[in-house]
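Thank you for sending this model for comment. My notes follow as numbered points, with the conventions given alongside.

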Amino acid sequence: MNNGRKYTTQMDAARKGIITAELSTAARYELIEPENLAALVAQGRAVIPANVLHSSLVARAVGRTLKTKINVNLGISRDSSDQDREMDKVRAALALGADAIMDLSSAGDTGAFRKKLVEISPAMIGTVPAYDAV
């Protein structure tokens, strides 16, 4: 799903000298020049998790020399399967400045939960797909 882009990942773009919209957004947040962030990404010293399917993403960069990011762990499970309650937690985390959300869902309709999470969350999202496999 390349849509005519001349790169596959943010690292690929940086190595080709392409300043992506995501890289520019992350650089503004970091208060550094996009070219400096691109150099870090190209060297593998920073990453910009920017899945093309995450349509609501506000890109951030993660790396040793960059601002510390706030991560929130949440998700539905056998013991707590209320998706609306978890979405309330997502909204609260975002309102409090979370940069990343780690979805640790392990039971219930995890696919529907993640789809909604991607739709509403501008934060970086991580998942543990092995939980679904088990």
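1. Two strands are taken to pair if DSSP finds at least two bridges between them, and helices (H or I, at least four residues) and strands (E, at least two) are DSSP runs numbered from the N terminus. The model is a predicted one, in which local features need pLDDT of at least 70 and side-chain atom pairs count only at pLDDT 80 or more, whereas totals for chains, interfaces and linings use all residues. Residues are numbered from 1 along each chain as its sequence is written, and side-chain values use heavy atoms, with hydrogens and water left out.

2. On the strands, E3 (71-74) pairs with E4 (residues 100-103) in the parallel sense over 4 bridges, and within this pairing Asn 71 stands opposite Ala 100 of E4. Strand E5 (residues 124-127) also pairs with E4 in the parallel sense, over 4 bridges, and here Ala 100 has Met 124 of E5 as its bridge partner.

3. Searching the whole structure gives 6 salt bridges, each defined as a side-chain nitrogen of Lys or Arg within 4 Å of a carboxyl oxygen of Asp or Glu. One of them joins Arg 114 to Asp 103, with the closest N and O atoms 2.7 Å apart; this pair links distant parts of the chain, since Arg 114 belongs to helix H5 (residues 110-120) and Asp 103 to strand E4, 11 residues apart. Both Arg 114 and Asp 103 are buried, that is, under 20% relative accessible area, where exposed means over 50% and partly exposed lies in between (1.4 Å probe, protein chains only).

4. A salt bridge also forms between Lys 69 and Glu 30, whose closest N and O atoms are 2.6 Å apart. Lys 69 and Glu 30 are both buried.

5. Which residue forms a salt bridge with Glu 86? The partner is Lys 89, at 2.8 Å between the closest N and O atoms, and both residues lie in helix H4 (residues 83-95), 3 residues or about one turn apart. Glu 86 is buried, with a relative accessible area of 1%, whereas Lys 89 is partly exposed, at 35%.
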